[in-house]
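Keep the structure open as you read.

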Amino acid sequence: MVDFELTPIMKMAREFTHNYARDVMRPISRKYDEEEHVAPTEFIQKTHEMFTSLGFSFSTTKAGGGSKEDDAESKGKHDRPKMEMNLLGAIATEELAWGCPGLTLRIPGPGLGGAAIMAAATPEQKKRFMKILNGPKPSYGAMALTEPGFGSDASAVSTTAVKDGDYYILNGTKIFVTGGEMADLYVVWATLGKDMGRSGIKAFVVEKGNPGIKMTRLEHKLGIRASDTAEVVLEDCRVHKDNLLGGEKKEEKGFKGAMQTFDATRPIVAAMATGIARASYDYLYEDLVVKGGLEINYGKAIHKRGYVETVFEDMEAKINAARLLTWKAAWMLDHGLPNLKEASMAKAKAGTVVDEVTQKAIELYGPEGYSRRHLLEKWMRDAKVYDVFEGTGQIQRLVIARAILDYTRKELK
Ligand SMILES: Cc1cc2nc3c(=O)[nH]c(=O)nc-3n(C[C@H](O)[C@H](O)[C@H](O)COP(=O)(O)OP(=O)(O)OC[C@H]3O[C@@H](n4cnc5c(N)ncnc54)[C@H](O)[C@@H]3O)c2cc1C
């Protein structure tokens, strides 16, 4: 059933996160962009307390989510079966990214690591690790997949995991780990042996303080500078076999588990991109239309419209398209439907839209748009990474093409 109506809880969450983004995040957004690598400690603590008191968690769920009480609440006139936590997460994330995408990535919670745990862990592991990530103190789960030798081709993992009794010994270097400095646990992808191919790739949860894992460098970045991105080195890092995600017997889960993580996280990343695009659009609309007196007459024939009006309409259509694809991908996950193609479509679309809209906004704003007195130039810098991390735009298009044409990974590279 197609239903575009948000539940009362979703509307409330949207309004609440929007106000939080406007009142708490926007005012400090420029500060943490300029002071890269300074941890927004006060913001992290405050946000953690606020979300904890509301019982709101950013964990993604593989299929469905929410409690029986949630079901009872949401079974109203639309008879929705679930609380739709992934959709709720996408709605809230768009608002938070509207406030500041870098700070959004600093919000404590399961993070990318948590998403990998939800996708690939055993029930016992989920319970154990989510307890840490949703615990009383602010904590964060990072995902360490990318290495100096690869990014897009995840099957090229070269960090090694060698069995030693009840332990695995990990060795390798992971780069561009989001939250790599603040993380309390890392989901580290390693291979049991290159000759085993994809089936040898496994994910291990390595907790902070485990001897042998250390953060060696923080990146200086173009955008999302409030977010910490780190290099993490593993040197003879001993991890108990109980921390191998999915357990030792589930041979097939390793690489597939990594890929399933993206089904849940790509819609969230797309929601962030949509939020940034909307931030630029809203800023422009407020200044040129609300304050500046520009009229956008949606009923006018195309040949009677001015250039700026057309650009506004185009931006609005693109943002809506990105949002609808995002909501659909998240909604499918909530309802236990395979969403690989839709998650990639949302990510590909939103990653392009955010670049186009933020650049167009600067163009329309004139030289002022280039000045640091406005956040427009920051949003343009923040935008770029949304077509890079969680799989580049090209990789999303490859995934979509394979799904549409029914090709395997081998048939279409
Ligand atoms: C700010 C930031 C945060 C990040 N956070 C994380 C994180 O938390 N955890 C993590 O593991 N990684 C993270 N990454 C890494 C990110 O996921 C990779 O950068 C990304 O997957 C691309 O990999 P690459 O940079 O190695 O590019 P490459 O794989 O080297 O690709 C280079 C270019 O070639 C294109 N290309 C590659 N293969 C193909 C193909 N088959 N067909 C068409 N085009 C292709 C790509 O699209 C890209 O444009 C982060 C990166 C950044 C910048």
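Lys 163 has Tyr 168 of E3 as its bridge partner. This pairing belongs to a predicted model. Strand E2 (residues 160-164) and E3 run antiparallel, joined by 5 bridges.

**Strands around E3**
- The hairpin of E2 and E3 has 2 residues between the strands. Gly 165 in this hairpin takes a positive phi near 65 degrees.
- E3 also pairs with strand E7 (residues 229-240). That pairing is antiparallel and counts 9 bridges.
- Within it, Arg 238 in E7 stands opposite Ile 169.

- Cover exists on both faces of E4. One side holds Leu 185, Val 187, Trp 189 and Thr 191, all buried. The other holds Tyr 186, Val 188 and Ala 190, also buried.
- E1 and E4 are parallel partners over 4 bridges. Leu 185 in E4 stands opposite Gly 141.
- E4 and strand E5 (residues 201-207) run antiparallel, with 7 bridges joining them. Here Ile 201 in E5 stands opposite Thr 191.

**Nonpolar core**
- Which residues touch the most other members of the largest nonpolar core? They are Val 188, Phe 204 and Ala 273, in a core of 103 residues.
- Helix H8 (residues 253-291) gives this core its largest share, 14 residues.
- In soluble globular proteins, nonpolar side chains tend to be buried together.
- Val 188 has contacts beyond its neighbours within four places in sequence. They are Ala 144, Thr 159, Leu 170, Lys 174, Ala 203, Phe 204, Val 206 and Leu 234.

**Ligand shell**
- How many residues surround the ligand? The count is 22, and the closest are Leu 145, Gly 151, Ser 152, Thr 178 and Thr 392.
- By class, the shell has 12 nonpolar, 8 polar and 2 charged residues.
- Three elements each supply at least two shell residues: strand E1 (141-144), strand E3 (167-178) and helix H12 (393-405).
- Why does the ligand lie between two domains? Domain 2 (141-253) and domain 3 (258-405) both give residues to the shell, so the ligand lies between them.

- The domain assignment gives domain 1 (8-109), domain 2 (141-253) and domain 3 (258-405).
- The contact of domain 1 with domain 2 takes 12 residues from domain 1 and 9 residues from domain 2.
- On the domain 1 side, helix H1 (8-34) and helix H5 (101-104) are the elements that give two or more residues. H5 provides the largest share, 3 residues.
- That side of domain 1 has 7 nonpolar, 2 polar and 3 charged residues.

**Buried helix positions**
- All of helix H6 (residues 111-120) is buried, 10 of the 10 residues, so the helix is largely enclosed by the rest of the structure.
- The buried residues of H6 include Gly 111, Gly 113 and Gly 114. Leu 112, Ile 117 and Met 118 are also among them.
- Is Phe 312 buried or exposed? Phe 312 counts as buried because it has 22 C-beta neighbours inside 10 Å. The cut-off for a buried residue is 20 or more.
- Phe 312 sits in helix H9 (residues 307-334).
- Phe 312 and Met 182 are 130 residues apart in sequence. Their C-alpha atoms are 39 Å apart in space.

How values were computed:
Residues are numbered from 1 along each chain as its sequence is written. This is a predicted model: local features need pLDDT of at least 70, side-chain atom pairs count only at pLDDT 80 or more; totals for chains, interfaces and linings use all residues. A residue is near a molecule or strand if its C-beta atom, placed from the backbone, lies within 6 Å of it. Ala, Val, Leu, Ile, Met, Phe, Trp, Tyr, Cys and Pro count as nonpolar, Asp, Glu, Lys and Arg as charged, and the others, Gly among them, as polar. Domain bounds come from an automatic or database domain assignment. A nonpolar core is a set of buried Ala, Val, Leu, Ile, Met, Phe, Trp, Tyr and Cys residues joined through C-beta atoms within 7 Å. A residue is buried if 20 or more other C-beta atoms lie within 10 Å of its own, exposed if 12 or fewer, and partly exposed in between; C-beta atoms are placed from the backbone. Two residues are in contact if their C-beta atoms, placed from the backbone, lie within 7 Å. Two strands pair if DSSP finds at least two bridges between them.
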